[in-house]
Amino acid sequence: MSVPQKTREYRLPKVDGFYNLTLTEAPIPQLKATEVLVKVHAVSLQYRDLIVAKGQYPLGQKENPVPGSDLAGEIIALGAEVSGWKVGDRVSSNFATDHIFGEVTAEIKATGLGAPIDGVLTEYKVLPAHALVHIPEHLSYEEASTLPCAAVTAYNALLGPNPLKGGDVVLVQGTGGVSIFGLQLAVASGATVIATSSSDRKLEIAKKLGAAYTINYKTTPDWDQEALKITNGRGVDHILEVGGPGTLNKSVNAIRYGGTISVIGFVAGQADVSELPVKILAKAAIVRGILIGSRQQFEDMNRLISAVKLRPVVDKVFSFEDTRKAYEYQDSQQHVGKVVVKVSKD
């Protein structure tokens, strides 16, 4: 196919809500020697996309960004010095394009797609070849688009520096993208999973995905005590903490001595956390912030996903022209798993 010269892309000229999403046309930059051009087939949305649209992303964002961080697509052109890739390869990009291995740095953090640099809600995207991973063969583009942020975050939390063991008990909060991937990856790794949600309907889906125990935190607000009961007072080994200050106290109550709480989000709002340092100390708990993960972790995770034929949970797919509706649906919190925008029509 001939290489296109222009792309349609979404931008956020104002950042006081996603209603500002504006579809524009722009020239495709000329490829540098180490870059590739990817035809974007699908993009998945995150909670992060909602707060970027409101100008509230705490890690910083550029003016008038192209939003979105998670794509799946195919390579249609290669820079002169690119090796190891070919036209037609099905690929995704790491969330932070320069996070190849190891820990995050300030420089790596500044390469996060869809906030500090332009993102992927575009028909064609120029990317550095070093950011790419092959997507698992058994996944569609829509399914594969869900992996870069939510799945790699869950993998880093559960199978990163302090990996879970078969037989561990993992608690996941809610049924959003990270939590559902955490559930699936934990079950695939031999762990017992406790899932929490305010919706019995969503908890039924969690059970079908392998959750051994479920807790409705509306009908059982002391879910931390329920988790302790389930574990006969021992506490859980790993918690995916997506609530932030609003749930962190209960997570520390529910964790076992020496257990790991992975702090991933802040969807539960603010609360008094003044006693947390003492509580964490008293539990000898490990509390670790997660900033997605590296390309190496993405590749390791994809091997696990391919080995067990794990299929991401895609709740709903929207057309590229209906991206604003996709944001509305993401914002409604009705979804279980991931909301996806189908960018390419072929």
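This is a predicted model: local features need pLDDT of at least 70, side-chain atom pairs count only at pLDDT 80 or more; totals for chains, interfaces and linings use all residues.

Mentor: Leaving aside residues up to four places away in sequence, Arg 11 touches Asn 20, Leu 21, Thr 22, Thr 24, Lys 62, Asn 64, Pro 65, Val 66, Pro 67 and Asp 118. Arg 11 itself sits in strand S1, residues 6-11. Its side chain makes a polar contact with the side chain of Asp 118, at 3.2 Å. Another polar contact, of 2.9 Å, joins the side chains of Arg 11 and Glu 9. For a sense of distance, take Ala 151, which is 140 residues from Arg 11 along the chain. The C-alpha atoms of Arg 11 and Ala 151 are separated by 25 Å.

Now turn to helix H6, residues 200-208. Its buried residues are Lys 202, Leu 203 and Ala 206. They lie on the same side of H6, because they cover an arc of only 100° around the axis. The general rule is simple: an α-helix has 3.6 residues a turn, so residues three or four places apart point the same way. The opposite face, turned away from the buried side, carries the exposed residues Asp 200 and Lys 208.

What covers the buried residues? The cover includes helix H5 (177-188), strand S9 (192-197) and strand S10 (213-216).

Look at the ends of H6 next. Ser 199 caps the N-terminal end. A side-chain oxygen of Ser 199 lies 3.3 Å from the backbone nitrogen of Arg 201. After the helix comes Gly 210, with a positive phi near 120°.

Last, a spot on the surface. Tyr 47, Phe 266 and Val 267 form a nonpolar patch there. Together these residues have about 260 Å² of accessible area. Tyr 47 belongs to helix H1, residues 47-53. Is Tyr 47 buried, exposed or partly exposed? Tyr 47 counts as partly exposed, because its relative accessibility is 33%, and that class lies between under 20% for buried and over 50% for exposed.

Notes
Residues are numbered from 1 along each chain as its sequence is written. Side-chain values use heavy atoms; hydrogens and water are left out. Buried means under 20% relative accessible area, exposed over 50%, partly exposed in between (1.4 Å probe, protein chains only). Helices (H or I, at least four residues) and strands (E, at least two) are DSSP runs, numbered from the N terminus. The arc is that of the directions from the helix axis to the C-beta atoms. Contact means heavy atoms within 4.5 Å. A polar contact is a pair of N or O atoms within 3.5 Å; within protein, one must be able to donate a hydrogen and the other to accept it, and residues adjacent in sequence count only if both atoms are side-chain atoms. Patches are made of residues with over 30% relative accessible area and no salt bridge: like charges are joined within 9 Å, nonpolar side chains (Val, Leu, Ile, Met, Phe, Trp, Tyr) within 5 Å. Accessible areas come from the Shrake-Rupley method with a 1.4 Å probe; for residues, only the protein chains shown count as cover. A salt bridge is a side-chain nitrogen of Lys or Arg within 4 Å of a carboxyl oxygen of Asp or Glu.
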